[in-house]
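Colleague: I should like to learn how to read the features of a structural model, one kind at a time. Could we begin with contacts between charged side chains?

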Amino acid sequence: MNTIARLKTDMITWRHHIHAHPETAFEETNTTKFIIEKLQSFGITELYTDFAPTGVVGIIKGNQDGRWIALRADIDALDIIEENKIEYCSTIHGKMHACGHDGHTAMLLGTAKYLAEHRDFAGTVVVIFQPAEENEGGGRVMVENGLFDRFPIEAVYGIHNQPNMQLNHFYITHGAIMASYDVFEIKITGLGAHAAAPHLGKDSILIAAQIVTGLQSIVSRNTDPLSSLVVSVTQIHSGDTWNVLPQQAVIRGTVRTLNSQVQDMAETRIKQIATGIASTFEAKAEIDYQRRYPATINYQAQADIAITAAEKVVGQDRLIIDPLPSMGAEDFAFMLQKIPGVYVWLGAGEGANLHNPAYNFNDEVLTTGVEYFVEIVNQELGK
Ligand code: NI
């Protein structure tokens, strides 16, 4: 039987294979095929592929009956041209594993192999290989397709590697760890006119500029200084030539926060400011506000279990409890809206940041991740 340390070579091979063959949201067909082949070779035969267009869920029974828990990895890549010069560089131009989901997949495969060989626990461990974490909300799709209705899973655990956080240190938060992610579009309709006769029109560009300025007051004047909110305008589109005041302007942007009341407030204020300013200028604003990912909010009890497990693996001095959250977003949030759980960061040491074309997952965290997952199983389902 393998010890966790002896799984490292296998995991590196798997990780490099996945890295060389990146696939993006809901197109992870070969990645899923690879995962299924591996799981079957470990003797894990109860597999489900119907919770999302891609992705796979595996069931590992312990040698005694008991409760159900789940371990989750994301498997998708990004639309980025890889800059690394490595043997196992992306073979698909324009696609790249730049968020380390290749490593997360290898780590969960290693965990599955270890658990399937030992089965020294009371209950069932569900391994979730989730597609489309980036942009498309594969986590939401799996939840909506009944992942947590079909199986009586009581808690779900996830890990994300974090470059430029201390190598093989765990960062574990009680409560909010990642922000919500919403997008908005404001379509302003004024009245087009000759640039020489602005008084005959309603200038949509001037109105757009006032709205962008007005939106800045949501963070500075509507939000409690001790809360966190980002309102960013990231696009303005209007006009085609020099001598026309355009009839339409479009503003797009994003809203991020750690708390649903602040999120509600931001949505309301964006609508009020845009429609109010547009009507002041006798124009019209239509607002499309879309909630993409909720905030990722860890549960207290599972955060405590994670802390106990991580402490056993790396020791107390490599444990950072309640670090400041990130304003990035993560679709593990949808799973935590459905059942309890915890999402932790595993420090990957110095290197290029996530989503950078020079990023590469640090293989030195693979066994730490497996040890943590196995210890979670011991804590939750130990006999
Ligand atoms: Ni990621």
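Modeller: A salt bridge is counted when a side-chain nitrogen of Lys or Arg lies within 4 Å of a carboxyl oxygen of Asp or Glu. The general idea is that side chains of opposite charge can pair when their charged atoms come close. Please bear in mind that this is a predicted model. In it, the side chains of Glu330 and Arg72 meet in a salt bridge, with 2.8 Å from N to O. The pair links distant parts of the chain, 258 residues apart: Glu330 is in the loop between strand E15 (319-321) and helix H9 (332-338), and Arg72 is in strand E3 (residues 64-74).

Colleague: Are Glu330 and Arg72 buried or exposed?

Modeller: Residues under 20% relative accessible area count as buried. Glu330 is buried because its relative accessibility is 2%, and Arg72 is buried as well, at 1%.

Colleague: How many salt bridges does a search of the whole structure find?

Modeller: The search finds 18. One of them joins the side chains of Asp363 and Arg15, at 2.9 Å from N to O. Asp363 lies in the loop between strand E16 (341-347) and H10, while Arg15 lies in helix H1 (residues 8-20), so this contact ties together parts that are 348 residues apart in sequence. Asp363 counts as buried at 11% relative accessibility, and Arg15 counts as buried at 0%.

Colleague: Which residue forms a salt bridge with Lys202?

Modeller: The partner of Lys202 is Glu282, and their closest N and O atoms are 3.4 Å apart. Lys202 is in the loop between strand E9 (193-194) and helix H6 (204-222), and Glu282 is in the loop between helix H7 (260-280) and strand E13 (284-293), so the pair ties together parts 80 residues apart in sequence. Lys202 is partly exposed, with a relative accessible area of 25%, whereas Glu282 is exposed, at 59%. Salt bridges can also share partners: Arg72, Asp74, Glu330 and Asp331 are joined in this way into one network.

Colleague: Let us turn to sheets. In what order do the four strands of the open sheet lie?

Modeller: Strands of a sheet pair through backbone hydrogen bonds, either parallel or antiparallel. Here the order is E10-E12-E8-E13, and the pairing is antiparallel. Strand E10 (229-238) and E13 are the edge strands, each pairing on one side only. Direction ignored, neighbouring strands of this sheet are turned by 15° against each other on average.

Colleague: How many bridges join each pair of strands?

Modeller: E10 and strand E12 (residues 248-257) pair over nine bridges. Within that pairing, Val233 has Gly253 of E12 as its bridge partner. Eight bridges join E8 to E12, where the bridge partner of Glu185 is Arg252 in E12. Nine bridges join E8 to E13, and Phe184 stands opposite Tyr289 in E13. E8 is mostly covered, with seven of its nine residues buried.

Colleague: Which strands does H7 lie across?

Modeller: H7 lies across E8, E10, E12 and E13, and runs at about 165° to E13.

Colleague: How does one judge the length of a helix, taking H10 as the case?

Modeller: One compares the expected span with the distance between the end C-alpha atoms. Helix H10 (residues 366-381) has 16 residues, which at 1.5 Å a residue should span 22 Å, and its end C-alpha atoms are 22 Å apart, which agrees. H10 is also mostly covered, as 13 of its 16 residues are buried.

Colleague: Finally, which residues coordinate the nickel ion?

Modeller: The nickel ion is coordinated by Cys99 through SG and by His101 and His160 through NE2, at 2.1 to 2.2 Å. Along the chain, these donors follow the spacing C-x1-H-x58-H. His101 is in helix H3 (residues 101-118) and His160 is in strand E5 (residues 153-162), 59 residues apart, and this pair links distant parts of the chain. Both histidines are buried: His101 has a relative accessible area of 0%, and His160 has one of 3%.

Terms used:
Residues are numbered from 1 along each chain as its sequence is written. This is a predicted model: local features need pLDDT of at least 70, side-chain atom pairs count only at pLDDT 80 or more; totals for chains, interfaces and linings use all residues. Side-chain values use heavy atoms; hydrogens and water are left out. Helices (H or I, at least four residues) and strands (E, at least two) are DSSP runs, numbered from the N terminus. The expected span of a helix is 1.5 Å times one less than its number of residues. Buried means under 20% relative accessible area, exposed over 50%, partly exposed in between (1.4 Å probe, protein chains only). Two strands pair if DSSP finds at least two bridges between them. Axes are lines fitted to C-alpha atoms, for helices over the stretch in contact, and angles run from 0 to 180 degrees between N-to-C directions. Contact means heavy atoms within 4.5 Å. Donors are N, O and S atoms within 2.8 Å of the metal (3.2 Å for Na, K and Ca); water is not among the atoms, so sites may look incomplete.
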